[in-house]
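Subject: Structure for you to look through, with notes

Dear colleague,

Please find below the structure that I promised to pass on to you. I would be glad if you kept it open while you read the notes that come after it.

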Amino acid sequence: MRRFVVAALGGTLAGILATTQVAGPLLAQDSADNASVYEQLDLFGDIFERIRSQYVEDVDEGDLIEAAINGMLTSLDPHSSYLSPDDAAQMRLQTRGEFGGLGIEVTQEEGFVKVVSPIDGTPASEAGIEAGDFITHVDGESVLGLTLDEAVDLMRGPVGSEIIITVAREGETEPFDVSIIRDTIKLTAVRSRTEGDSIVLRVTTFNDQTTPNLEEGIAEQIEAAGGIENINGLVLDLRNNPGGLLTQAIRVSDAFLEKGEIVSTRGRYVEDGERFNATPGDLMQGKPIVVLINGGSASASEIVAGALKDHRRAIVVGTKSFGKGSVQTVMPLRGEGAMRLTTARYYTPSGRSIQALGVSPDIVVEQPRRQPQAEEEEERRTRSEADLRGSLGNDSLSEDEIRQIEEDRALAEASAQLREDDYQLAYAIDILKGLSALVPQE
């Protein structure tokens, strides 16, 4: 059966003697362990029969078995779970880039649902849901005590229907309600644009579309600029990207690396480990790269950020990433269902696991929260000599020089506006400008 790996996102004579001495006790121990396991399975059967025959209401036997399976998997870690046939089909749709829902990636922490990140352009993002928010209630029903899948089921519903979620947010004294209209989520994996002389790639997820979208976006922006020589670098924006397919994380990293390890995975046994290396070819031809991350950057995003950082191919800017350093393998089961099981941890090229630690940026840059301004506050601007009544004009400038000054002023104003709209992105672009200024002109 095919397996899908998601990035969601170990003297001959002495050896013989040792084996002879411990083989008997080991076999005895195995027999004792097996007996204990079978006793536990018998206990499960007894409980199952008691529930069927004596519970106060009739129960669906299939639901009982499914709940038992899911309970066994969710007891392992927050990312292992059972996928019913419907859930498995939904997951396959998500990896292709289109599905129904709110548009948030979630995990579970302290019994509540925690938002890993909202997805750009989705109902949740437009409603103001932020990475790090805790969802405490769905339509007035508490999610405390529910499994993650059960909580997610509460949030599902027909496209166009309304859902009210209660959110607890750091910095807010009281939880508050947010109304969201469910919609079909169509993911645009990569959005590209140019800011000044810098290409900005916003990667929202790692699905089957990511690498093709990234390659097309870079090619389009380079062509529009009139060639790579007119580009000073690339900003790879991975903020609030919850991850996705491991294969896509590897391909995106490879797009900017000429050689070396991208990521390695280590499972329970040494022979299960894998190592993935870059192949020659850099889409940016050595131009500087700045990677933007924050607390909503998880899984595949952390693989890319970690690889580019360890190879000194990029400067990582922002805040510490989420810290999901485990690999889930989705294994098809009989009856069209599937099992998502954590099978390995992944490691950056330096050999560092980022599980629960995250990727630390080279330069920490917080995104300031917008503060509402008082209505009576008037906009202030700096006055200059040119604003003074009767000031002398500058007769030493040609029309071309005046036009160039006006263009430079317009660029400065656009840069200032970007700093207001997205401080972290403006900071990243300023880094590329600074690096470009140090390159000798030929």
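Predicted model: local features only at pLDDT ≥ 70, side-chain atom pairs only at ≥ 80, totals over all residues.

Residues are numbered from 1 along each chain as its sequence is written, and side-chain values use heavy atoms, with hydrogens and water left out.

**The chain as a whole**

The protein chain contains 10 helices and 20 strands, where helices (H or I, at least four residues) and strands (E, at least two) are DSSP runs numbered from the N terminus. The chain has 442 residues, and 38% of them count as buried; here buried means under 20% relative accessible area, exposed means over 50%, and partly exposed lies in between, with a 1.4 Å probe and protein chains only.

Two packed helices are described by the angle between their axes and the distance between the axes. Helix H6 (residues 210-225) and helix H7 (residues 246-254) have axes that come within 9 Å and cross at roughly 25°, the axes being lines fitted to C-alpha atoms, for helices over the stretch in contact, with angles from 0 to 180 degrees between N-to-C directions. H6 and H7 are therefore roughly parallel to each other, since angles under 35 degrees count as roughly parallel, over 145 as roughly antiparallel, 65 to 115 as roughly perpendicular and the rest as oblique.

**Salt bridges**

Side chains of opposite charge can pair when their charged atoms come close. The structure holds 16 salt bridges, each being a side-chain nitrogen of Lys or Arg within 4 Å of a carboxyl oxygen of Asp or Glu.

One of these joins the side chains of Glu-49 and Arg-52, at 3.0 Å from N to O. Both residues lie in helix H1 (residues 12-54), where Glu-49 and Arg-52 are three residues apart, about one turn of the helix. Glu-49 is partly exposed at 41% relative accessible area, and Arg-52 is partly exposed at 40%.

A salt bridge also forms between Arg-275 and Glu-261, whose closest N and O atoms are 2.3 Å apart. Arg-275 lies in strand E15 and Glu-261 in strand E14 (residues 261-267), so this pair ties together parts that are 14 residues apart in sequence. Arg-275 counts as exposed, at 57% relative accessibility, whereas Glu-261 counts as buried, at 12%.

The side chains of Asp-282 and Arg-313 meet in a salt bridge as well, at 2.8 Å from N to O. Asp-282 lies in the loop between E15 and E16 and Arg-313 in the loop between H8 and E17, so the pair ties together parts that are 31 residues apart in sequence. Asp-282 and Arg-313 are both buried.

Finally, a network of salt bridges links Asp-120, Arg-191, Arg-202, Asp-237, Arg-239 and Asp-422.

**Two residues with a positive phi**

Most residues other than glycine have a negative phi, and most peptide bonds are trans. Gln-285 is not a glycine, yet has a positive phi of about 50°; Gln-285 lies in the loop between strand E15 (274-277) and strand E16 (289-293) and counts as exposed, at 58% relative accessibility. Arg-312, which is not a glycine either, has a positive phi of about 55°. Arg-312 lies in the loop between helix H8 (300-310) and strand E17 (315-318), and at 79% relative accessibility Arg-312 counts as exposed.
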